[in-house]
Each structure stands twice: as structure tokens, then as C-alpha cells.
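Have the picture open while you read.

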Amino acid sequence: MARVTAPVTIDGCQGCGACLLTCPTHAIRPTPGGLLVRAQACTGCLECLEICPVDAIRVTGTEPCGGTR
């Protein structure tokens, strides 16, 4: 099976939770080390990027990775 990479990364998160509440597929999950984007669930809609108040979410690719739009 090919490795799937989410089209966004989260770095510099302040823990507000806005992206968790906004993600329509619940692809973003809290972990002890920070937030994790589950590539299989991420559709690349970028709603998380738009809602983040500290611009902690960055686009790393141009194609959706897991689901469909």
C-alpha cells in the first residue's frame, strides 16, 4: 500500500480547537504531541486553513489525499 500524505501540516498550534470543530470529515485529531491530520480522512477542502487564527496550518500538496470532494 502506498503511503498517503495529508495535504496540510499543523505547526505552531495554540490549541484553540477551531480546526477540530471545522473539519467536515473529522480528519484532525488531538494527540499527546499535538494535532494529527489523518490522511485517509482528509479531503483537502482547506476549511481548517481558513479558520485557523494563528496560521498554524500549511498546505503541503495540491491534490486531495484521502476522500473525495
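What follows goes from the whole chain down to single residues.

This is a predicted model, where local features need pLDDT of at least 70 and side-chain atom pairs count only at pLDDT 80 or more, while totals for chains, interfaces and linings use all residues. Residues are numbered from 1 along each chain as its sequence is written, and side-chain values use heavy atoms, with hydrogens and water left out.

**The whole chain**

- The protein chain has two helices and four strands; these are DSSP runs numbered from the N terminus, with helices being H or I of at least four residues and strands being E of at least two.
- Read from the N terminus, the order of elements is β-α-β-β-α-β.
- Of the 69 residues in the protein chain, 29% are buried (buried means under 20% relative accessible area, exposed over 50%, and partly exposed in between, with a 1.4 Å probe and protein chains only).
- Take the contacts in the protein chain between residues at least 6 apart in sequence: 61% of them join residues at least 24 apart (contact means heavy atoms within 4.5 Å).

**A strand pair and the core**

- β2 and β3 pair up in the antiparallel sense, over four bridges (two strands pair if DSSP finds at least two bridges between them).
- A hairpin links β2 to β3 through two residues.
- Across the pair, I28 stands opposite V37 in β3.
- Both I28 and V37 also belong to the largest nonpolar core, a set of twelve residues that includes C19, C23 and C48 (a nonpolar core is a set of buried Ala, Val, Leu, Ile, Met, Phe, Trp, Tyr and Cys residues joined through side-chain atoms within 4.5 Å).
- Skipping its neighbours within four places in sequence, I28 is in contact with I10, C19, L20, C23, L35, L36, V37 and C48.

**Two loop residues with positive phi**

- H26 isn't a glycine, yet its phi is positive, near 55 degrees.
- You'll find H26 in the loop between α1 (18-22) and β2 (28-31), and it counts as partly exposed because its relative accessibility is 46%.
- L46 isn't a glycine either, and its phi is positive at about 70 degrees.
- L46 sits in the loop between β3 (34-37) and α2 (47-51), and its relative accessible area of 26% is why L46 is partly exposed.
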